[in-house]
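Q: I would like to learn how to read sheets and helix packing from a model. Can you take me through this one?

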Amino acid sequence: MTLIGIVGWHQETNRQLAEAWRERGLGATLLTPPRAMLALRAGDVALGRLDVLPTLDGIEPGLVALRVAANAGARVLNGPTALANAHDKIATASCLRHARVPHPLSTFVPPGSREVRLPPPLVLKPRFGSWGRDVLRCETPADVERTLEELRDRPWFRTSGGIAQELIPTSGVDLRVIIAGSRMVGAVERIAQPGEWRTNVSLGAARRQVDPPDEAVRLAVAAVRAIGAEFVGVDLLPTNEGYIVLEVNGAVEFDRTYDLPGGDVYLDAALALDLVSRQAVA
């Protein structure tokens, strides 16, 4: 049986994904990067699921393990470049811009900066961010100045700087789509709690089952191709002109609430990634 190594640390989704795939007859196991370097061989599969650090100043250690797996002949999904393109929001913005995928106008805010080369209203956030932490909205130049002063002592800001993005008007609802290969395998709408504009579940947002329109799916697939990944989440915001890609998440957290109507996000992902044939699970 092919060994499918989910290469990551202790994110709950990694554990659930390995367990769900084993229940569906796959040889999946969660491997920390050091274990992956010893375990994975030619013909095996390495799925990179390294997340951003809790300190928001980089990616979890272990990208080298994916390179070692590739050199050993393993099939690597979500390789080092793809994860860097997803987690580094400056790289994400560059990839999407070159691929002409709609994305908020963005600019790098170097460590210690006291100004932003983007007119408000805008959003300031960590370069390597997640969970909605330190994502701050600035409506006026005074807000920008005050927020930069507030961020000066954040360790992540001193280490890697941040990113400023134009503020896209929102009704407090966005769409998260899970893409595997070139297929949508899961999705939810996320609804911000009253008084909150951010739709992160960690900040109290609710999830609602959804069957996204084709336009949104095409855009999500284009975003995944632009960063060179195989299995990620894409956050999209509806606007008057259509959808726009807000972020790409290289270690997206999900569960069965993401099932499409009549689907199974875990099984559908395995099928889309060619980890199992439909005949084998029929």
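Q: Which residue of strand 12 does Val177 stand opposite?
A: This is a predicted model. Strands of a sheet pair through backbone hydrogen bonds, either parallel or antiparallel. Here, Val177 stands opposite Val234.

Q: In what sense do strand 9 and strand 12 pair, parallel or antiparallel?
A: Antiparallel. Strand 9 covers residues 173–180 and strand 12 covers residues 231–239. Six bridges join them.

Q: What is the strand order of the open sheet?
A: Read it as 11-10-9-12-13. That is five strands, with antiparallel pairing. From one strand to the next, the twist averages 30 degrees.

Q: Which strands does helix 8 lie across?
A: Helix 8 spans residues 214–227. It lies across strand 9, strand 10 (183–191), strand 12 and strand 13. Relative to strand 13, helix 8 runs at about 40 degrees.

Q: Now helix against helix. At what angle do the axes of helix 1 and helix 9 cross?
A: Roughly 80 degrees. Angles of 65 to 115 degrees count as roughly perpendicular, so helix 1 is roughly perpendicular to helix 9. The axes of helix 1 (residues 12–23) and helix 9 (residues 265–272) come within 10 Å.

Q: Which residues meet where helix 1 contacts helix 9?
A: Helix 1 brings Gln16, Leu17, Ala20 and Trp21. Helix 9 brings Tyr266, Ala269 and Ala270. By class, this contact has six nonpolar residues, one polar and no charged ones.

Methods:
Residues are numbered from 1 along each chain as its sequence is written. This is a predicted model: local features need pLDDT of at least 70, side-chain atom pairs count only at pLDDT 80 or more; totals for chains, interfaces and linings use all residues. Side-chain values use heavy atoms; hydrogens and water are left out. Axes are lines fitted to C-alpha atoms, for helices over the stretch in contact, and angles run from 0 to 180 degrees between N-to-C directions. Helices (H or I, at least four residues) and strands (E, at least two) are DSSP runs, numbered from the N terminus. Angles under 35 degrees count as roughly parallel, over 145 as roughly antiparallel, 65 to 115 as roughly perpendicular and the rest as oblique. Contact means heavy atoms within 4.5 Å. Ala, Val, Leu, Ile, Met, Phe, Trp, Tyr, Cys and Pro count as nonpolar, Asp, Glu, Lys and Arg as charged, and the others, Gly among them, as polar. Two strands pair if DSSP finds at least two bridges between them.
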